[in-house]
Amino acid sequence: MKKLKIFFTAAELTPLAKAGGLGDVAGSLPKAMYKLGHKFSFFLPFHEQIDKKQLKNFKHVKNISVLFNGKNEKAEVYRCDFPNTNQPLYLFKSNKYISRGGIYDNNKIQNPFTGKQAAQQDGIPIKYFFFSKCVRKFVEEENLEFDVYHYNDWHTVPVMLHFINDSEKPQHKNLLTIHNLGARGSVPAKLYSLLGLPKKYTGPLEKKSRIITLKLGIKFADLINTVSPTYAKEILTPEYGAGLQSDLKKRKKDLYGIINGLDLDLFNPQKDQYLKYNFNLKTISKKKKDKAFLQKKSGLKVSEDIPVFGLVTRLARQKGIDLILAVLDDLAKLDAQYIFTGTGIPPYENGFKKAMKKYPDKFYFLNDFDIPFGQWIYGGADVFFMPSNFEPCGLGQMIAMEYGTIPVVRATGGLADTVKEGQTGFTFKDKDPEQFLRATKRAVKAYQDQTKWMRLMENGMTADHSWTNSAREYQKLYYKLEKL
Ligand code: GLC
């Protein structure tokens, strides 16, 4: 089979710039393709939070200049090794338009029309529009060519639009991966002029006040995939399609679902740098020490017999936090402890804070984005909550299973594809607090039978959550693209 040259771009990249699961996938899928013998280049905005000390073989490549709102604007291009490979990671820096503020927060970007700080809603599109121009210009100037082009989520769709418009170049073969339809890139139409693209791209949409960038991606990508087979079907329905279901239906024959893998160098209880006691299936009894450590850290009673339920998540609507909040008093009646961590919207944060106050010997909530504490939960808890409203893939449930922590999940998207009731976890179907509570009670009951519990742990820990199979699935799509 031909070894491919892959163009890869995403807004995030773990460990350099992570906001969520997209970063983890962007950090591990290219590496998995490299292991299969392919070459790649990765294109990333030089976000403010990127720590130069972490960049290997870091060097300035060149300065480029792009036309942005009719003016020549400069950007610096840097290169370093993509983490754990010798493949190039290109970083695009501009203090005006890219490299200030967070990955997805926008309060320091300049508005090219006014020269002033951009309004909240405009900053992000300006950032990724400018990035798209820089990438296109750089690839052109350096004469870089690739067999396939892989885009992730709406932020990188403008890069694709530039390339397919570039008739001087050989045809570009595009794969668009949708990690989350919750973010569609709805942008005020007036900003689209910054891209300088012909009307054939945005023309039909321009009567509206906003343009949905992902809609354009869905229309113009050669192939599309989402991050689990179930989510690939769900998004064709109004309930999950975020208003794009009919656009997606038109592309049904080009739409695939590929479950994400985990980077098992990072998420591995045997190697995890944060766990106090590393373990594997053979030394599973050490997990009890991690549990005791976690209980102690959380100020809860240290006891082997009480099952500990963990939650590590962004506290966002997607994650089904309402279901947990609806049954807090019932949860408190069970012989169980609850250790949660995460940050997000105030009603959820406050709900958990209240629970901790009301039931101090049952609930502990660390209201922070604290990576070590999150890993202590994966390592030390017995059960892992993931009652998501929707979940394109979900990595938490797979990490939990790798660590012998049994997931309780709503059977949607990737959760439905990776967790099986009574075999690797506990599942429920509807967004119904009662169903969630019943699944939780099944977990409490199962925990009392340690032989049965051991079997659940073993099933999860021996299941394959690596990239091996999924990378092959992506490879198939790449070859399919090549033949188009
Ligand atoms: C998004 C989705 C999540 C998925 C991740 C990586 O964060 O919400 O379900 O696992 O992307 O694809």
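This is a predicted model: local features need pLDDT of at least 70, side-chain atom pairs count only at pLDDT 80 or more; totals for chains, interfaces and linings use all residues.

Reply: Residues are numbered from 1 along each chain as its sequence is written, and side-chain values use heavy atoms, leaving out hydrogens and water.

Now, your residue. Glutamine 375 counts as buried because its relative accessibility is 6%; buried means under 20% relative accessible area, exposed over 50% and partly exposed in between, with a 1.4 Å probe and protein chains only. You'll find glutamine 375 in helix 12, residues 371–380 (helices are DSSP runs of H or I with at least four residues, strands are runs of E with at least two, and both are numbered from the N terminus). Leaving aside residues up to four places away in sequence, glutamine 375 touches Phe267, Asp272, Tyr274, Leu275 and Tyr403, a contact being heavy atoms within 4.5 Å.

Cysteine 80 is buried too, at 0% relative accessibility, and cysteine 134 is buried with a relative accessible area of 0%. There are 0 disulfides in the structure, a disulfide being a pair of cysteine sulfur atoms within 2.5 Å. The sulfur of cysteine 80 has its closest cysteine sulfur in cysteine 134, 17 Å away, so that's too far for a bond.

Elsewhere, strand 3 (residues 59–68) and strand 4 (residues 71–81) run antiparallel, joined by 9 bridges; strands pair if DSSP finds at least two bridges between them. Asparagine 63 has glutamate 76 in strand 4 as its bridge partner. The two strands form a hairpin with 2 residues between them, and asparagine 69 in the turn has a positive phi of about 50°.
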